[in-house]
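Hi,

Here is the structure I promised to pass on to you. Please have a look at it first, and then read my notes below.

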Amino acid sequence: RLWQVLFELSTPQRGAELAMGLEMGGSADLNDVPIGDLLGFHVAHAHRVALCMAQVAAMEAMCFCAEQSDQRAIVFKGFFRMCHNLVASEHLWQSARVVARQLCVLWPRFGFRLLAPHLRKLL
């Protein structure tokens with residue numbers, strides 16, 4: 001459930017809603033905002049979410065949760081969906097850098113121990 005909440009928090013729509021609520025008192029309609037402004041809201045929001053995840057060691061918690069084989073697929077699904085929201089655009093290079101650094105540190109645990117068995121099944 002935690003990863004579903006983090007996914008929802010990292011979506012572009014949530015970033016725009018939070019930014020509009022803070023900047024315009026929450027009464028503005030997202031349809032009236034230029035797409036460039038919405039993109040800027042999402043870029044800033046994704047960077048903040050990535051920094052918060054790094055600060056609270058959320059990826060280490062993901063590795064800990066995924067060690068239980070019955071929860072591994074659910075945790076991976078939520079984690080990858082959340083990561084996709086944070087790194088899936090050329091505009092999101094700042095948040096992608098934060099996420100990549102965390103994954104590099106955790107790669108022996110995450111990649112070799114947790115992810116490799118699933119990749120072997122695909123091959």
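This is a predicted model: local features need pLDDT of at least 70, side-chain atom pairs count only at pLDDT 80 or more; totals for chains, interfaces and linings use all residues.

Let me start with the cysteines. A disulfide is a covalent bond between the sulfur atoms of two cysteines. The structure holds zero disulfides. For cysteine 52, the closest cysteine sulfur belongs to cysteine 83 and lies 15 Å away, which is too far for a bond; the cut-off is 2.5 Å. Cysteine 63 is in no disulfide either, as its nearest cysteine sulfur, in cysteine 65, is 9.4 Å away. How accessible are these two residues, cysteine 52 and cysteine 63? Cysteine 52 counts as partly exposed, with 44% relative accessibility, while cysteine 63 is buried at 0% relative accessible area.

Next comes helix H1, which spans residues 2-10. Its buried residues are Trp3, Leu6, Phe7 and Ser10. These four lie on the same side of H1, because they cover an arc of only 105° around the axis.

Finally, the helix pair. Helix H4 (residues 58-66) and helix H5 (residues 72-87) have axes that come within 8 Å and cross at roughly 155°. Angles over 145 degrees count as roughly antiparallel, so that is how H4 and H5 run relative to each other. On the H4 side, the contact is made by Met59, Met62, Cys65 and Ala66, and on the H5 side by Arg72, Val75, Phe76 and Phe79. Seven of the contact residues are nonpolar, one is charged and none is polar.

Best wishes

How values were computed: Residues are numbered from 1 along each chain as its sequence is written. Side-chain values use heavy atoms; hydrogens and water are left out. Buried means under 20% relative accessible area, exposed over 50%, partly exposed in between (1.4 Å probe, protein chains only). Helices (H or I, at least four residues) and strands (E, at least two) are DSSP runs, numbered from the N terminus. The arc is that of the directions from the helix axis to the C-beta atoms. Axes are lines fitted to C-alpha atoms, for helices over the stretch in contact, and angles run from 0 to 180 degrees between N-to-C directions. Angles under 35 degrees count as roughly parallel, over 145 as roughly antiparallel, 65 to 115 as roughly perpendicular and the rest as oblique. Contact means heavy atoms within 4.5 Å. Ala, Val, Leu, Ile, Met, Phe, Trp, Tyr, Cys and Pro count as nonpolar, Asp, Glu, Lys and Arg as charged, and the others, Gly among them, as polar.
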